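This report describes a single protein chain for a reader who is new to structures. Please look through the sequence and the model before reading on.

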Amino acid sequence: MITPGYRARWQGTEYEASPDGDLVRLYGADPAPGFDEVRPGRYRRIVPTGELEWFGYLHVTGRLDGAPVILLAERGDELLAEYVGGRAPVAEALGLPAVEPGVYRGWVRRARVADVGHLRTGP
């Protein structure tokens, strides 16, 4: 599953996260002490950033026909891929449209993407 976004590790567990100044909202799918249910199957706890073991962003990476991409979303048998190789002719050959100057992004068949992995950024 393609799920890029903020993540935080708190008390040894990694959570989806959302920064809010000096606080971070942690989200989980299961009930846990101190977490409030915000909707069925979604629980939230707000903690000070100083309590976190790690906070950063998780990028999902891959190779589209051999070229480096980040994967932003999925729908059915397609992935939303953004080329990160920095060469416009390569992006154009991949069939990715320019969504703004220097940014090439588009929906591609999942079968074209290999070497899917995760890249964490943050302290």
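**Overall fold**

The model is predicted. Its chain has one helix and 11 strands, and their order along the sequence is β-β-β-β-β-β-β-β-α-β-β-β. The radius of gyration is 17 Å, well over the 14 Å that the globule rule gives for 123 residues, so the chain is more spread out than a compact globule. The C-alpha trace spans about 50 × 30 × 25 Å along its principal axes. Of the 123 residues in the chain, 34% are buried. Among contacts between residues at least 6 apart in sequence, 52% join residues at least 24 apart.

**Nonpolar cores**

In soluble globular proteins, nonpolar side chains tend to be buried together. In this chain the largest nonpolar core has 14 residues. Those with the most contacts inside this core are Leu-64, Leu-71, Tyr-83, Leu-94, Leu-96, Val-108 and Val-113. Strands β6, β7 (67-75), β8 (78-83) and β10 (103-109) are the elements that give two or more residues to the core. Leaving aside residues up to four places away in sequence, Val-113 touches Gly-62, Arg-63, Leu-64, Leu-71, Leu-79 and Val-108. Another core, of 10 residues, lies apart from the largest one, and Trp-10, Ala-17, Phe-35 and Val-47 are among its members.

**A buried glutamate**

Is Glu-82 buried or exposed? Glu-82 has a relative accessible area of 16%, and it counts as buried because this value is under the cut-off of 20%. Glu-82 is part of strand β8. Its side chain is joined to that of Arg-105 by a polar contact of 2.8 Å. Arg-105 is also one of the residues that Glu-82 touches, not counting residues up to four places away in sequence; the others are Pro-68, Val-69, Ile-70, Leu-72, Val-103 and Tyr-104.

**Aromatic rings**

The structure holds five aromatic pairs. One of them is the stacked pair of Tyr-6 and Phe-55, at 5.5 Å centre to centre and with 10° between the planes. Which strands does this pair link? Tyr-6 lies in strand β1 (residues 5-10) and Phe-55 in strand β6 (residues 54-64), so the pair links distant parts of the chain, 49 residues apart. Both residues count as partly exposed: Tyr-6 has a relative accessibility of 38%, and Phe-55 has 22%. Together with Tyr-57, Tyr-6 and Phe-55 form one aromatic cluster.

**Two loop residues with positive phi**

Gln-11 is not a glycine, yet its phi is positive, at about 50°. This residue is in the loop between β1 and β2 (13-20). Gln-11 counts as exposed, because its relative accessibility is 60% and the cut-off for exposed is over 50%. Asp-65 is another residue other than glycine with a positive phi, near 50°. Asp-65 belongs to the loop between β6 and β7. With a relative accessible area of 48%, Asp-65 is partly exposed.

Terms used:
Residues numbered from 1 in each chain as written. Predicted model: local features only at pLDDT ≥ 70, side-chain atom pairs only at ≥ 80, totals over all residues. Heavy atoms only, no water. Phe/Tyr/Trp six-rings, centres within 6.5 Å; stacked < 30°, edge-to-face > 60°. Helix = DSSP H or I, 4+ residues; strand = E, 2+ residues; numbered from the N terminus. Buried < 20%, exposed > 50% of the residue type's maximum accessible area, 1.4 Å probe, protein only. Core = buried A, V, L, I, M, F, W, Y, C linked by side-chain atoms within 4.5 Å. Contact = heavy atoms within 4.5 Å. Polar contact = N/O pair within 3.5 Å; in protein donor to acceptor, adjacent residues only side chain to side chain. Rg over C-alpha atoms; globule rule 2.2 N^0.38 Å.
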